[in-house]
Amino acid sequence: MANERVLTAAQVAAGGVDAATVDALHLAEGPHDLIVLPEIANVPYFPVAPDLGEWLADTLADQDTESVFAPYRRLARRTGGYVVAGLCLPGPERSRNAAVVFDRAGEVLPGRGVLSGDEVLVYDKTHLCNVRHYGSVFLEDQYFQPGPELVVWDLDFARLGVLICYDRHFPEAWSTLRAGEVGIVAVPTASPAGTAPTFLAEMQAMALQQSVYAVVANRVGPESLPGGTTADYLGRSAVLGPDGAVLNSADRGPFEQASAPYDEAHLDSVRAAMGLAASRRPALYRL
């Protein structure tokens, strides 16, 4: 249909992808109007191991912001699509678990804070993962500062929100983005194999409850870190519809993709049919 746009979750291998890998990333026949990559895709997912501050500093030493951005700028220009890149960026005190949105020309697209209305160039993960479950230990508060607020971006075909990995577990975050009138939520994630029983089911429920499309990009496969810490990432990147349907999903391949159409008419139809926005009763809820 003429009004369809294509949403793509680009799954990448564990271990962190360098610029050459991003440049060589083969995306299936386009178009790709929105491409989402996993959480901190440019480096190994290090917050499963303690005491890696010196290693991280060395890893990021030659990764100034512009050098980190460069391959994603090229990807956006090459495909003509918006790109949501989950990135580890150097910070003044702690590093940043961040997401950056690049427009079709490869320029950083400013968003705006849902609460403040201020211009935001980089979204910093707002909920840090400190979980001992799924066979893994997560220590994000040792390495990152949480971001101050949720952010939305205006694309040329939809309004976008981003939730990074652990952010997705908070219904309030989804509701806040929905109140910001988003039609799509991008979820860059680094979810281990132990999350398999609930990984897609949880986001199906969130997409349904908020009547939004969700584009979930995960890393996949085994990863080793200094000191002997290892992890195995699930993959299963997917695009979900506003009725909670899994429109397309990847499996466990290191560079698989999941693409599906975004259709504004379908989004409006689902919202009208479900009636969730009109049926909410805020006076009864206490958060």
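**Cysteines, core, charges and backbone**

Reply: Searching the whole structure, which is a predicted model, turns up zero disulfides.

Me: Which cysteine has the sulfur closest to that of Cys165?
Reply: Cys165 is also buried, with a relative accessible area of 8%. The closest sulfur is 6.2 Å away, too far for a bond, and belongs to Cys129.

Me: Which residues have the most contacts inside the largest nonpolar core?
Reply: Nonpolar side chains in soluble globular proteins tend to be buried together. The largest nonpolar core here holds 49 residues. Leu160, for one, is in contact with residues including Val84, Val101, Trp153 and Val182, leaving aside neighbours within four places in sequence. The residues with the most contacts inside the core are Leu34, Leu160 and Ile184.

Me: How many salt bridges are found in the whole structure?
Reply: Side chains of opposite charge can pair when their charged atoms come close. The pairs include Glu223 with Arg219, at 2.8 Å from N to O, and both of these residues are buried. The search of the whole structure gives a count of 14.

Me: Asp124 forms a salt bridge with Arg96; how many residues apart in sequence are the parts that the pair ties together?
Reply: The closest N and O atoms of Asp124 and Arg96 are 2.7 Å apart. Asp124 belongs to strand β8 (residues 123-124) and Arg96 to strand β5 (residues 96-102), so the pair ties together parts of the chain whose separation in sequence is 28 residues.

Me: Is Asp124 buried or exposed?
Reply: The cut-off for buried is under 20% relative accessible area. Asp124 has a relative accessible area of 13%, so Asp124 is buried.

Me: Which residues are linked with Arg104 in a network of salt bridges?
Reply: Arg104 meets Asp156 in a salt bridge of 2.9 Å, N to O. That pair links distant parts of the chain, with Asp156 in the loop between β11 (151-154) and β12 (159-162) and Arg104 in the loop between β5 and β6 (111-113). Asp156 is partly exposed, with a relative accessible area of 47%, and Arg104 is partly exposed at 23%. The residues linked with Arg104 in the network are Arg5, Asp33 and Asp156.

Me: Arg271 is buried yet has no salt bridge; which is the nearest side chain of opposite charge?
Reply: Arg271 lies in helix α6 (residues 264-274). A salt bridge needs the nitrogen and the carboxyl oxygen within 4 Å. The nearest side chain of opposite charge is 5.1 Å away and belongs to Asp268.

Me: Which backbone oxygen does the side chain of Arg271 reach?
Reply: Not counting residues up to four places away in sequence, Arg271 touches residues including Arg178, Gln210, Ser211 and Leu276. The side chain of Arg271 reaches, at 2.9 Å, the backbone oxygen of Ser211.

Me: With which side chain does the side chain of Lys125 make a polar contact?
Reply: Lys125 is found in the loop between β8 and β9 (132-133) and is buried, at 0% relative accessibility. Residues that Lys125 touches, not counting those up to four places away in sequence, include Glu39, Asn97, Glu140 and Asp167. The polar contact, at 2.9 Å, is with the side chain of Glu140.

Me: What is the phi of Ile40, a residue other than glycine?
Reply: Most residues other than glycine have a negative phi. Ile40 is in the loop between β3 (34-36) and α2 (53-60) and is buried, at 0% relative accessibility. Its phi is positive, near 30°.

Me: Asp51 also has a positive phi; is Asp51 buried or exposed?
Reply: Asp51 is found in the loop between β3 and α2, and its phi is about 60°. The cut-off for exposed is over 50% relative accessible area. Asp51 has 71%, so Asp51 is exposed.

Technical notes: Residues numbered from 1 in each chain as written. Predicted model: local features only at pLDDT ≥ 70, side-chain atom pairs only at ≥ 80, totals over all residues. Heavy atoms only, no water. Core = buried A, V, L, I, M, F, W, Y, C linked by side-chain atoms within 4.5 Å. Buried < 20%, exposed > 50% of the residue type's maximum accessible area, 1.4 Å probe, protein only. Contact = heavy atoms within 4.5 Å. Disulfide = S-S within 2.5 Å. Helix = DSSP H or I, 4+ residues; strand = E, 2+ residues; numbered from the N terminus. Lys, Arg positive; Asp, Glu negative; His and termini not counted. Polar contact = N/O pair within 3.5 Å; in protein donor to acceptor, adjacent residues only side chain to side chain.
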